[in-house]
Amino acid sequence: MTNRDDESKLIRAATLGDASAFSELYGLHRDRVYGFAYRMLGAQAVAEDVTHEAFLVLIEHPERYSPERGSVLTFLCAVARNRIMNHFRRSGQELMDQNSNETGDFAEQEDEAERDPLRNLLDQELAARVNAALKMLPPTQREVIVLREFQELSYGEIANVIGAEVNVVKARLHRARQSLAQRLAPYINADRRQYELRRN
Amino acid sequence: MNCAEIKEQLGAVLDAALAPELEKAIMLHVSTCSSCQDEWDRAQALRSVLRASPQPVPSASLDARVMEVYYQSRAPRREARGWWQRLAFGSISIPKPAFALILIAVASALAVAIQIGRVMATPIIVTMSAPSPIEGTTAAPPPQIVYVPVEQVRKARDVSTGLSKRTSVARMLRSVNAAGQTSTRPLKNSMVISSIGTSYATEATLKDFEPITNATVRVIKGKGE
C-alpha cells in the first residue's frame with residue numbers, strides 16, 4: 001500500500017491531467033470503497049453509484065482531501081458513507097431489505113476451471129449468510145464492523161470516517177461482534193475447532 | 001480486571017488497538033481462564049468467517065463511468081462566450097418560428113414603448129364637457145376647460161398621481177351658471193376620470209377638484225397652457 005506522500009503525488013498528478021496516475025489511485029481503492037458500499041447497502045447498482053460519487057468528489061474537488069486528516073481511502077469511505085446515509089434517509093428503509101439474496105455480485109476466481117464447484121457454492125452461501133447477518137445490524141454497528149473487518153481500517157481511521165470518537169467505535173464494534181457471533185454461530189463453531197486443535 | 005471486562009477487550013486485542021502492556025496482561029489471563037479462552041477463540045473464528053466471505057466486485061461499467069468523468073473533467077474548456085456572441089456566431093440554434101415570434105414580440109414592445117413615450121411627452125388636458133342644459137334656458141353653457149397638466153402619465157390603466165404642483169396653470173374651475181355668470185371655484189376634491197382611447201386607457205386622479213353636477217369629464221391629449 002502506498003504511503004500518504006505517494007498518494008498525494010498521485011492526486012497532484014491526476015489533478016494535472018495524468019490519467020495513469022488517476023487510474024492507479026482508482027485501482028488501489030475501488031474494491032474497498034465498493035466493498036464498503038455494497039456491504040452497507042446490499043445492492044450492486046446503488047453501491048456502484050455511491051462508489052462513482054465518491055471518486056467524483058475526489059476528481060472534482062481534490063482540494064477537499066487533506067493528507068493530514070487521513071488517507072485517500074479514509075476520505076473516499078467518508079464520502080461514500082455520507083452518500084449511503086443519504087440513501088437510507090431518502091429510501092426510508094435500508095436497501096438491503098430489497099436485495100438480501102444477491103449471490104451473483106461476489107468475486108469469481110480468475111481461473112474458473114481450477115475452482116472447485118463445491119467451494120464456489122460454499123462461498124456463495126457464506127457470502128449470503130454474512131450479508132444476512134450484517135443486514136440485521138443497525139447501520140451504526142454495520143458500518144464500523146465493515147470498515148474494520150473488510151476494509152481493515154484502524155480505529156482512528158474508522159472514527160475519522162464516521163465522525164465519532166475512538167471509544168465509540170470500540171463500543172460499537174464490541175456490540176456488532178456479539179450480534180454477529182450469535183447469528184453466525186454454526187460457522188464460528190466449525191471454525192473454532194481449529195483453534196482448539198492448535199492448542200491441544 | 002474481571003472476566004467480563006477482559007472479554008470486552010478481546011476485540012481490541014484482536015485489532016491490535018491496545019497498549020502492549022495491557023494486551024500482554026489480558027492474554028496472560030486468557031491463557032489461564034477457560035471461559036475467556038473460549039471467548040478469544042470465538043473472536044478469532046468470527047474474524048476468520050467474516051474475512052472468508054468473498055469480496056463483492058463491481059461491474060465493468062463502473063470503471064468506464066469513473067474514467068469518463070475523469071476525462072471530461074480534465075478536457076480543455078471552450079473559451080467562454082457571452083450568449084450574444086454565441087448567437088452571433090451561430091452557436092445558439094433558435095428554430096425559425098420561435099425566432100419570428102421573438103421578433104414580433106420585440107417589435108410590439110417597441111411600438112408600445114413609443115406610444116407610451118408620446119403620451120408621456122404631452123400633458124393631458126382635462127376638459128369638462130358641457131353640463132346638461134339648465135332648465136329654462138335655451139342654450140347650454142359653453143364647456144369649461146381646465147388645463148390640468150398631469151405630472152406623470154403612467155401606463156395604461158395606471159392611476160397618475162394627479163395634479164402637478166409645479167404647474168403654473170390655474171387650478172380653478174370656471175363655471176357658468178344659467179344666468180351667464182362666471183364663477184371660479186377652487187379644485188377641492190379628488191376625482192378619478194378615465195378616458196379610453198383606441199389604444200390605451202388612462203386614468204388621472206385630480207386633486208382638489210369639485211365635480212360639477214351632471215358634468216362629464218373627458219381626458220384628451222394636448223398641450224397645456
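How many residue pairs are in polar contact between chain B and chain A? I count 15, with both residues at pLDDT 80 or more. For a polar contact I took a pair of N or O atoms within 3.5 Å; within protein, one must be able to donate a hydrogen and the other to accept it, and residues adjacent in sequence count only if both atoms are side-chain atoms.

A note on ground rules: this is a predicted model, where local features need pLDDT of at least 70, side-chain atom pairs count only at pLDDT 80 or more, and totals for chains, interfaces and linings use all residues. Residues are numbered from 1 along each chain as its sequence is written, chains are lettered from A and ligands numbered from 1 in the order in which they are written, and side-chain values use heavy atoms, leaving out hydrogens and water.

**Entry: the side of chain B**

I looked up which elements of chain B give two or more residues to the side touching chain A, and found α1 (3-14), α3 and α4 (60-74). Helices here are DSSP runs (H or I, at least four residues), numbered from the N terminus. The largest share, 13 residues, comes from α3(B).

In total, 39 residues of chain B are in contact (heavy atoms within 4.5 Å) with 51 residues of chain A. The two chains bury about 4,200 Å² between them, 59% of it on carbon and sulfur atoms. Buried area is the accessible area (1.4 Å probe) that two parts lose on being put together, summed over both.

**Entry: salt bridges**

Side chains of opposite charge can pair when their charged atoms come close. My cut-off was a side-chain nitrogen of Lys or Arg within 4 Å of a carboxyl oxygen of Asp or Glu. I found 13 salt bridges over all chains, and the count between chain B and chain A is six. I picked out Asp15(B) with Arg148(A), where the closest N and O atoms are 3.0 Å apart. This pair runs from the loop between α1 and α2 of chain B to helix α6 (residues 139-149) of chain A.

The contact is made by Met27(B), His29(B) and Val30(B) of α2(B) with Cys36(B), Gln37(B) and Trp40(B) of α3(B).
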